[in-house]
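I opened the model to look up charged pairs. My entries follow.

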Amino acid sequence: MSSPSTKPVMLSGIKPTGEIHLGNYFGAMRQLVELAKSGKYQSFIMVADYHALNFIQNAKEMRELSLDLAAAYMAVGLTPQSGSGEDRVVLFKQSDVPAHTELTWIFDTLTTMPYLMRAHAFKDAEAKNHEISVGTFNYPMLMSADILLYDTQLVPVGQDQKQHIEYARDTAEKFNRVFGQEVFTLPKEHIMEEVAIVPGIDGQKMSKSYGNTIPLFASREVITERVMSIVTDSSGERPENVYAIHKLIKSEAELAPIYEEHRGKYKALKEALVEDLDAFIAPLRTTYIELKDSPEKITAALERGAEQAREVTSKKMAEVKKAIGVA
Ligand code: TYM
């Protein structure tokens, strides 16, 4: 930021681990766009590539997925380029801002193993007998650093990230208590109840790892293929898994006559959903494809964002180093 602002800070991030889907959009990105456009916040939007390194260990893939995610953020209306606009955001890659990993180490020294063992993601991996990397175990501390470095007050996310924000809040409190200074601001999550857990085509939480997604920039063919494979059951009044996705893009009042007219006709209802999804996605898809055709625009935005983020974090790190006595 060129001039220090007194506006509260909002920050969020996504891991570049695969195609952005409707769960990411309705669960988190749409709120980010709305809050950024309100002009009430300083907004920091991050490509969490070091978090993704726990999953993506291939340089070409990492590069492509990171660029795709930055393009996705820009395509949905987070506009890093509108210099002085009220709604401008700082869009950056986590790995471009070394303070994130530096502060993680400091937090590691304050954090206990039993505390991190309570993390849902760790417990899930353990229950599945997965080999757990130190990076996965430590994930909440890197995320705490992401959030706390910017004096973030608001973190718009989906329900699955709630515990991570609690970790950040606890870590801020502990640091402030141990070093006897209010260095860190306590952040709060911003979760929209009705889209806290966006369902996928099988009715479970939409997730890259469950293979049940509808990509946010899907072609008409992919939309058709995914919608036609939505799992339906004939026990109720309407196909609930179809309706749940439809409700993301149309109000219940708009949907009522459609579901009345096609009562019991699941194919017709799925066709209506394909039409509505395609109409919703088409303009986003066009912008996304255009952006992907000019990767230099994306990398320029990321470079500018990284400079702005480093400006903020170097000030914060100076404060932190003073508080812990290494400077
Ligand atoms: P990630 O990459 O798994 O997901 C990105 C965002 O999308 C939301 N989301 C959903 N919301 C509702 N319904 C769903 N089905 C659904 N699927 C995904 C997630 O809740 C999230 O908001 N650890 C984070 C990334 C991160 C971060 C941060 C976030 C790193 N540093 C700092 C906020 C602040 C993650 O893995 O999100």
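I started at Glu 102, which I find in helix H4 (residues 99-110). Helices here are DSSP runs of H or I with at least four residues, and strands are E runs of at least two, numbered from the N terminus. This is a predicted model: local features need pLDDT of at least 70, side-chain atom pairs need 80 or more, and totals for chains, interfaces and linings use all residues. Residues are numbered from 1 along each chain as its sequence is written, and side-chain values use heavy atoms, without hydrogens and water.

Glu 102 is partly exposed at 32% relative accessibility (buried is under 20%, exposed over 50%, partly exposed in between; 1.4 Å probe, protein chains only).

I then listed contacts (heavy atoms within 4.5 Å). Beyond its neighbours within four places in sequence, Glu 102 touches Met 317 and Lys 321.

I looked at salt bridges (a side-chain nitrogen of Lys or Arg within 4 Å of a carboxyl oxygen of Asp or Glu). The structure has 17 of them. Glu 102 pairs with Lys 321 at 3.0 Å, N to O. Lys 321 lies in helix H13 (residues 295-324), so this pair ties together parts 219 residues apart in sequence. Lys 321 is partly exposed, at 29%.

I noted a second bridge, Lys 292 to Asp 68, at 2.7 Å, N to O. Lys 292 sits in helix H12 (residues 266-293) and Asp 68 in helix H3 (residues 59-75), 224 residues apart. Lys 292 is partly exposed at 37%, and Asp 68 is partly exposed at 21%.
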